[in-house]
Number of protein chains: 2
Amino acid sequence: MTKIANPDHPIEPTLARRWSPYVFSSRPVEPQILRSLFEAARWAASSFNEQPWRFLVAVQDDQEGFAKLLACLTPKNQEWAKQAPVLVITAVKTAFTANGKPNRVALHDLGLAAGNLSAEATVRGLSVHQMAGVDLEAARQAGAIPEGFEPATAIAIGYRGEPDQAAQPAHADRDAQERKRKPLSEIVFGPEFGRPASWLE
Amino acid sequence: MTKIANPDHPIEPTLARRWSPYVFSSRPVEPQILRSLFEAARWAASSFNEQPWRFLVAVQDDQEGFAKLLACLTPKNQEWAKQAPVLVITAVKTAFTANGKPNRVALHDLGLAAGNLSAEATVRGLSVHQMAGVDLEAARQAGAIPEGFEPATAIAIGYRGEPDQAAQPAHADRDAQERKRKPLSEIVFGPEFGRPASWLE
């Protein structure tokens, strides 16, 4: 199944093709591909080039490690994410290394890195499903995340599965839903919030 | 000038080619291209599909609007960003629309959208320079950002300029610097923080 966005303006096919599936195939992700995914994340922009992102990664082959990270997800997320061949818990460094001041945009910059990872995955025919539904305290314990870092999100990575591979029929139903977004005019304004941008019409 | 990342593992050229210049050409960005950039942002993933991102956009032609947003940047950022043909102040909705609960990952998801915008820009030969150096209170005032939303970052968008177009020689020098990142082994671990991932070697 492919599920392409129906953009109102032309965009790069890789970005249009990306969506977050609930059904993953059991096919493992090749180590060299996994390296490229995180390499893509590595080259994201970040404030003062701090690179606040960290990734704890478990592959299905490592049953113990995978179970440990899986247990940090909310029960709803565990139901489908247990089938993903790769599971990631992300963390961010909360202060700048150079001066110890709080990094207000650490989470934002993690998003830039995760977006790169997601784009690289799409190019390679893989899918990514990011989750905010993480028990942060459990993640800190399970991943031995030290002081100065904060657990942030989870990411399931793998090849998409067929509907009959869904852990629950509801997951296949969700994968079949149309992708929807707010109209551009609701998120993009001129220099004042809520006032239309002249070039958008 | 192109400045390609020197990745340790192969990645999508669009991601390798992206970097954040300090010198922009005065060439305006075509409205239809600007629409595609924000359309790409629009299709990013977000927690509960909340799409918490908002973009206030000023183009150089709108001198008043541009000056208003420019004045929200830190003085250092104003020095070079004043030459960018397009300037953006971003904001996020801080709570989920469905239930009013705080959206812990709003800034993260803004990062995903900004990453999409940045990738689309790179594909189209444009450059993006994101900034955390924003006077948030000034941005709230200038952009009339209402309660429930928080100003977040700024984004300069345009075609790259030649070194002799730099507002200051130091900007051209910064553009000439090599791109650097931490080794992958410092940001990617196995299921435990600080412990190497077996597939990474």
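In the predicted model, Phe48(B) has 16 other C-beta atoms within 10 Å and is therefore classed as partly exposed. Phe48(B) is found in chain B, in the loop that joins α2, spanning residues 31–42, to β1, spanning residues 53–59. Most residues other than glycine have a negative phi.

A positive phi also occurs in chain A, where Asn49(A), likewise a residue other than glycine, has a phi near 50 degrees. The place of Asn49(A) is in the loop between α2 and β1 of chain A, with β1 covering residues 53–59. Because 13 other C-beta atoms lie within 10 Å of its own, Asn49(A) is assigned to the partly exposed class.

Helix α2 of chain A, which comprises residues 31–42, includes Leu37(A). With 29 C-beta neighbours inside 10 Å, Leu37(A) counts as buried, because a residue is placed in that class when 20 or more other C-beta atoms lie within this distance. When neighbours within four places in sequence are left aside, the residues in contact with Leu37(A) are Leu117(A), Glu120(A), Ala121(A) and Ile157(A). As for Val57(A), which is 20 residues from Leu37(A) along the chain, the C-alpha atoms of the two residues are separated by 12 Å.

Key
Residues are numbered from 1 along each chain as its sequence is written. Chains are lettered from A and ligands numbered from 1 in the order in which they are written. This is a predicted model: local features need pLDDT of at least 70, side-chain atom pairs count only at pLDDT 80 or more; totals for chains, interfaces and linings use all residues. Helices (H or I, at least four residues) and strands (E, at least two) are DSSP runs, numbered from the N terminus. A residue is buried if 20 or more other C-beta atoms lie within 10 Å of its own, exposed if 12 or fewer, and partly exposed in between; C-beta atoms are placed from the backbone. Two residues are in contact if their C-beta atoms, placed from the backbone, lie within 7 Å.
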